[in-house]
Amino acid sequence: MTMRVRNLGILAHVDAGKTTLTERILFTTGATHRTGEVHHGTTVTDFDPQERDRGITIFAAAVSCDWNEHRLNLIDTPGHVDFSDEVERSLRVLDGAVAVFDGVAGVEPQSEAVWRKADRYAVPRIAFVNKLDRPGADLDAAVASIRERLGVVPLVLQVPIGREGNFTGVINLISRRAAPGERPLLDAAMQHAVASARKRLEEAVAELHAGALEELSDMSDDTLRSAIRDLTHNHQAIPVLCGSAYRDIGVEQLLDAVVDYLPAPAGDPAAHLAALVFKRAGRLTYLRVYDGTITKGDTVWDTGAQHTERIARILRVQADKHTDVDQATAGDIVAVAGVKAAKAGTTLCERAHPVLLEAPRSAEPLVSVAVEARTRQDALRLPPALAALTAEDPSLGVRTEIETGQILLSGLGELHLEVAVEKLRQTTGIAVTTGRPQVTYRERVAAGVTGITYRHVKQDGGAGQFAVVTLDVAPLGTGFTFTSAVTGGRVPAEYVRAVEAGCREALTAGPLAGHPVTGLAVTLSDGQTHPRDSSEMAFRAAGPFGLRAALHAATLELLEPVAEVTVSAPSDALGAVLGDLAARRAQITDSGVRTVTAVVPLAELFGYASRLRSRTHGRGTFTSRPAGYRPAA
């Protein structure tokens with residue numbers, strides 16, 4: 001039954017303790033018989049050699065376990081900003097999430113970034129404030145940062161026992177019992193603190209929930225749980241729990257909260273099939289079944305590509321281990337073998353009952369490196385190997401420079417590209433060298449033009465090609481739009497679609513320096529056809545030529561990617577930090593006693609980590625996240 005299933009992800013900033021929490025969950029539920037440690041390279045979900053070498057999560061990993069007669073399908077997601085696309089694809093198929101926050105740092109930049117991604121897909125969440133045993137940990141301060149930076153209503157469900165090094169457990173405000181061990185409360189002072197906190201919780205819930213308000217004077221535990229569940233599902237509030245995953249404090253109560261407050265997957269196993277692919281890894285395709293049932297040996301329909309695929313095997317996934325099963329039903333997250341061409345975002349369904357599910361968004365690459373094979377034999381193997389790499393990770397891109405013939409691999413950051421190149425070496429054995437990283441620029445229309453006409457006329461003895469298009473180009477904040485203002489049937493609808501398709505082709509290389517074009521609205525204002533020689537092919541060919549002519553006539557500006565950077569350093573080093581940021585063309589947005597926040601061109605951040613260590617004598621740290629594009633200086 002889907003009511004006894006929870007599909008959830010673990011989300012957080014890097015080093016907040018996601019993977020450690022996942023390990024403790026697997027151990028606590030009996031899915032593993034020992035707890036792996038990140039610093040020992042023995043974790044279940046960080047099984048890739050690069051993850052163990054680097055000590056960070058790079059690839060989203062799925063595991064399953066059982067708790068209180070419920071099946072928990074859990075995805076441990078990366079915390080580093082360079083792998084945010086893995087988080088995006090996972091969130092698209094999840095019904096709930098646990099957001100992990102560092103008890104000392106509170107809401108960090110990437111915490112906020114993944115939170116906004118969860119907002120985009122309306123994923124209900126529970127917050128877990130981790131590492132309360134560390135010096136400087138403060139639950140109240142962490143909760144305040146959740147309220148202020150994320151703009152949500154936190155409902156604190158626990159009271160910690162002790163602080164920092166003396167932190168020994170948590171008390172559940174609903175059951176009024178302490179963990180670990182679910183021991184009863186005996187200390188009078190603690191009982192008073194719990195009673196006060198419980199009253200604050202009831203009042204906070206009653207402000208948002210009519211049913212709870214009716215029982216405010218004598219609210220039962222069941223009413224409180226039910227109201228918190230409703231508020232969580234409706235995105236009106238966020239339950240907040242706390243503990244120390246490393247010391248196994250608060251994990252059992254977190255599991256109870258997952259079952260109590262996060263939603264079960266909707267879906268009907270008897271309905272027509274609807275499944276969404278969210279990840280490719282080698283020969284395996286990972287998918288979420290929303291409706292219907294998939295059985296081993298079934299033939300399914302790829303709606304986007306308009307072809308069939310055969311399901312050779314269905315696998316339950318436990319990180320890098322798999323178990324064959326005969327079928328998967330609504331609510332299941334599984335891997336399948338035999339699917340040849342489906343990629344992240346592909347909908348699989350029944351051919352007689354086609355459906356198209358919303359695909360996860362993919363971030364645009366920001367940084368590129370030139371990739372070159374060392375031998376002639378490897379040079380022949382390199383293009384298909386790169387194609388396979390980008391099929392697994394849609395946030396990677398590959399293009400060939402027209403002038404130099406260099407192959408450029410693009411990604412979300414330096415680390416993303418390092419990992420991709422190393423994976424290429426490990427999985428294919430191809431020896432490659434890479435150039436220096438360079439940022440990916442964009443070209444944007446600053447001032448438009450109207451009435452640019454292009455005539456595509458070819459005649460070589462047989463049927464010719466005839467298409468005349470008149471285009472107007474106007475600035476747009478971001479992206480691309482295409483509309484038709486042609487009247488009187490001068491350009492048939494099918495030809496209009498062909499012109500749009502051709503225009504989209506021209507967006508890959510702008511007239512300034514061959515960079516992708518963004519921020520323009522194109523209008524087909526007029527056109528001409530020929531009764532014999534006009535065709536969709538002719539108008540599709542006219543589209544890119546016409547748009548390039550319009551772009552050459554328009555005024556364009558060069559955009560460069562920027563990042564929001566938060567630097568933490570001792571107060572006596574802050575002057576040096578500010579001076580260095582100014583030299584990197586940074587725009588300071590906030591400056592405190594020990595922290596500076598600035599928007600910095602991404603090109604200026606290459607090698608910044610070592611420079612910051614030098615300027616602060618090893619005491620400075622920084623975090624960054626993409627902040628879009630701005631005109632290049």
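**Figure 1. Four strands make an open sheet, in the order β28-β29-β32-β30.** The pairing in this sheet is mixed. The model is predicted: local features need pLDDT of at least 70, side-chain atom pairs count only at pLDDT 80 or more, and totals for chains, interfaces and linings use all residues. Residues are numbered from 1 along each chain as its sequence is written, and side-chain values use heavy atoms, with hydrogens and water left out. Strands (E, at least two residues) and helices (H or I, at least four) are DSSP runs, numbered from the N terminus. Two strands pair if DSSP finds at least two bridges between them. β28 (449–458) and β30 (480–484) are the edge strands, and each pairs on one side only. From one strand to the next, the twist averages 25°. Axes are lines fitted to C-alpha atoms, for helices over the stretch in contact, and angles run from 0 to 180 degrees between N-to-C directions.

**Figure 2. β30 runs parallel to β32 (residues 520–528).** Five bridges join the two strands. Ser484 has Leu524 in β32 as its bridge partner. In general, strands of a sheet pair through backbone hydrogen bonds, either parallel or antiparallel.

**Figure 3. Helices α12 and α13 lie across strands of this sheet.** Helix α12 (residues 493–506) lies across β29 (465–475), β30 and β32. It runs at about 155° to β30. Helix α13 (residues 536–553) lies across β28, β29 and β32. Its angle to β29 is about 40°. Contact here means heavy atoms within 4.5 Å.

**Figure 4. Seven strands form another open sheet, in the order β2-β3-β1-β4-β5-β11-β6.** Its pairing is mixed. Neighbouring strands are turned by 30° against each other on average, direction ignored.

Figure 5. Asp102 has Asn130 in β5 as its bridge partner.

**Figure 6. The largest pocket has a volume of about 1,700 Å³.** On a 1 Å grid over the protein atoms alone, a pocket is an open set of points with protein on both sides within 12 Å along at least five of seven lines; a cavity is a set where a 1.4 Å probe fits but cannot get out; lining residues have an atom within 4 Å of a point. Grid points are joined across faces, edges and corners, and a volume is the space filled by probe spheres set on the points. The lining of the largest pocket has 47 residues. Glu364, Pro365, Thr440, Arg442 and Tyr629 lie nearest the centre. Elements giving two or more lining residues include α3 (84–91), β27 (442–447) and β36 (621–631). α4 gives the largest share, five residues. By class, the lining has 17 nonpolar, 16 polar and 14 charged residues. Ala, Val, Leu, Ile, Met, Phe, Trp, Tyr, Cys and Pro count as nonpolar, Asp, Glu, Lys and Arg as charged, and the others, Gly among them, as polar.

**Figure 7. The second largest pocket holds about 1,300 Å³ of space.** Of its 47 lining residues, His13, Val14, Phe622, Thr623 and Ser624 are the closest to its centre. β36 gives the most to this lining, with six residues. Other elements that supply at least two residues include α5, α11 (414–428) and α15 (608–615). The lining divides into 19 nonpolar, 15 polar and 13 charged residues.

**Figure 8. The largest cavity has a volume of about 60 Å³.** The count comes to one cavity of 30 Å³ or more. Ala62, Val63, Ser64, Asn73, Leu74, Ile75, Val317 and Ile333 line the largest cavity. β2 and β3 (70–76) each supply at least two of the lining residues. Six residues of the lining are nonpolar, two are polar and none is charged.

**Figure 9. A hairpin joins β34 to β35 through three residues.** Strand β34 (residues 587–591) runs antiparallel to β35, and four bridges join them. Ile588 has Ala598 in β35 as its bridge partner.
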